[in-house]
Amino acid sequence: MSAGKQPSPILSAQVSGGLPADVDREEWLHMYEQMFKIRTFEEHVNDLYQSAKMPGLAHLYIGEEAIAVGVCEALRRDDYITSTHRGHGHCLAKGASVDRMFCELLGKEPGYCHGKGGSMHIADQDTGNLGANAIVGGSAGIATGAAFSSKMLGTHQVAVCFFGEGALGQGVLYEEMNMAQLWTLPVVYVCENNLYNEYTHHSESTAGSMRARAEAFGILTVEVDGQNVREVHGAAHRLVERARRSEGPAFMLCHTYRYLGHHVGDINRGYYRSKEEETEWKTKRDPLKLLSNWLIENHLADAGIFEGIESQVKDEVSAALEYALNAPFPAPEEVSQHVYV
Ligand SMILES: Cc1ncc(C[n+]2csc(CCOP(=O)(O)OP(=O)(O)O)c2C)c(N)n1
């Protein structure tokens, strides 16, 4: 299908699931900071790739920040998440440190996997992050298994499984949702519909209704504007606390958009989507602008507050990058440690 021919979900997204959460001004500002941190981190990752300082590729989360932040801010530190190939935002939102993230991407020893996992394999047990996953849909079993362990052990931990809408074509997701509903497991499936599976619009790969897939199992399903962190957070809070009360799994369908390419090397995107579409999302549906505008309009903040947050985050991320660039690589004799051989 030619670029720009798809109906714009900006205008047509049916929003039904976001409920207001009891969140104060400081928490909204914290969410702004977290979203800006993810964006700044990702911009540096893009620069690292373009200046050939980073081995391999990365799939950037810019544009989708409100989902990771809105959901993870509804979680406890010991709750679990599983992530995807586009996972930096999930890791940071769950509490990963920027310096160790950069180290991992650069193959340096202080990285989360001692520099041996890279962009698509970051895991951090201290923050409940059970790992990014390069296999589309591959973490559904891990998240559902974590929810099963929580139920068996009675810990009341909740597991969140992030995935793109491309994973709706993977059979494992349906086996897991079936079990989760049968056994009332505390798991929330968060589908990030950014419209494209690599270079293919979802309408060419995903038949029928996305939300009906979970509804067929009797799973509570909500649909939110994934660019609006207030709406994402409201829905996530409700679904996570419901799961924690042993009331069962949920499915959250979030409408969003990745501003850049499928990966950092996907520069010329004109053959599968239009510049106009990209511009429309960036200018009308930016998650940072939506939150800051709302806070300003409601007299909860002024522009200076956001400038201060941004300047502090930029300094923090630059210092972390400097640290990572100067950090050591793992010693050659450690090559077979911490990996499956
Ligand atoms: C099982 C499997 N099939 C194919 C691929 C190749 N692949 C990598 S990303 C991707 C598209 C994923 O789209 P989506 O799940 O919507 O996530 P997004 O990239 O949009 O965040 C594909 C097909 C893969 N990694 N795993």
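These are my notebook entries on what I looked up in this predicted model.

**Ground rules**

I am working from a predicted model, where local features need pLDDT of at least 70 and side-chain atom pairs count only at pLDDT 80 or more, while totals for chains, interfaces and linings use all residues. Residues are numbered from 1 along each chain as its sequence is written, and side-chain values use heavy atoms, with hydrogens and water left out.

**Entry 1: strand β3**

I began with strand β3, residues 187-193. Helices (H or I, at least four residues) and strands (E, at least two) are DSSP runs, numbered from the N terminus. Is β3 mostly covered or mostly open? It is mostly covered, as seven of its seven residues are buried. I noted the cut-offs: buried is under 20% relative accessible area, exposed is over 50%, and partly exposed is in between, with a 1.4 Å probe and protein chains only.

Next I checked which way the side chains point. V187, Y189, C191 and N193 point one way from β3, and V188, V190 and E192 point the other way. A handy rule to remember is that in a regular strand the side chains alternate between the two faces of the sheet.

**Entry 2: the neighbours of β3**

Which strands pair with β3? Strand β2 (residues 159-164) runs parallel to β3 and is joined to it by six bridges. Strand β7 also runs parallel to β3, again with six bridges. Two strands pair if DSSP finds at least two bridges between them. To find my place on screen, I used A159, which stands opposite V187 in β3, and V188, which stands opposite A250 in β7.

I then followed the chain from β2 to β3. With helix α7 (residues 171-182), these two strands make a right-handed β-α-β unit. Right-handed here means that, with the strands pointing away from the viewer, the path from the first strand over the helix to the second runs clockwise.

**Entry 3: strand β6**

Strand β6 covers residues 220-225, and five of its six residues are buried, so the rest of the structure largely encloses it. Six bridges join β6 to the parallel strand β7 (residues 250-255). Here T221 stands opposite F251 in β7. I found another right-handed β-α-β unit, made by β6, helix α9 (residues 229-244) and β7.

**Entry 4: around the ligand**

How many residues surround the ligand? I have 15 in my notes, and the closest are H85, R86, A134, G166 and N194. A residue is near a molecule or strand if one of its heavy atoms lies within 4 Å of it.

I also looked up polar contacts, meaning pairs of N or O atoms within 3.5 Å; within protein, one must be able to donate a hydrogen and the other to accept it, and residues adjacent in sequence count only if both atoms are side-chain atoms. H85 has a polar side-chain atom 2.7 Å from an oxygen atom of the ligand. For E165, an N or O atom in the side chain is 3.2 Å from an oxygen atom of the ligand. E198 has a polar side-chain atom 3.4 Å from a nitrogen atom of the ligand. On its own the ligand has 580 Å² of accessible area, and the protein covers 74% of that. Such areas come from the Shrake-Rupley method with a 1.4 Å probe; for residues, only the protein chains shown count as cover.

**Entry 5: aromatic pairs**

I found 11 aromatic pairs in the structure. Rings of Phe, Tyr and Trp (its six-membered ring) pair if their centres lie within 6.5 Å; planes under 30 degrees apart count as stacked, over 60 as edge-to-face and the rest as tilted.

Why is the pair of W28 and W294 edge-to-face? Their ring centres are 5.9 Å apart and the planes are at 80°, so the pair gets that name. W28 sits in helix α2 (residues 25-50) and W294 in helix α11 (residues 287-297), 266 residues apart, so this pair links distant parts of the chain. W28 is buried at 6% relative accessible area, whereas W294 is partly exposed at 21%.

Y196 and Y272 are also edge-to-face, 5.5 Å centre to centre with 70° between the planes. Y196 lies in strand β4 (residues 196-197) and Y272 in the loop between β7 and α10 (275-284), so the pair ties together parts 76 residues apart in sequence. Y196 is buried at 4%, and Y272 is buried at 6%. Ring pairs link Y196, Y199, Y271 and Y272 into a cluster.
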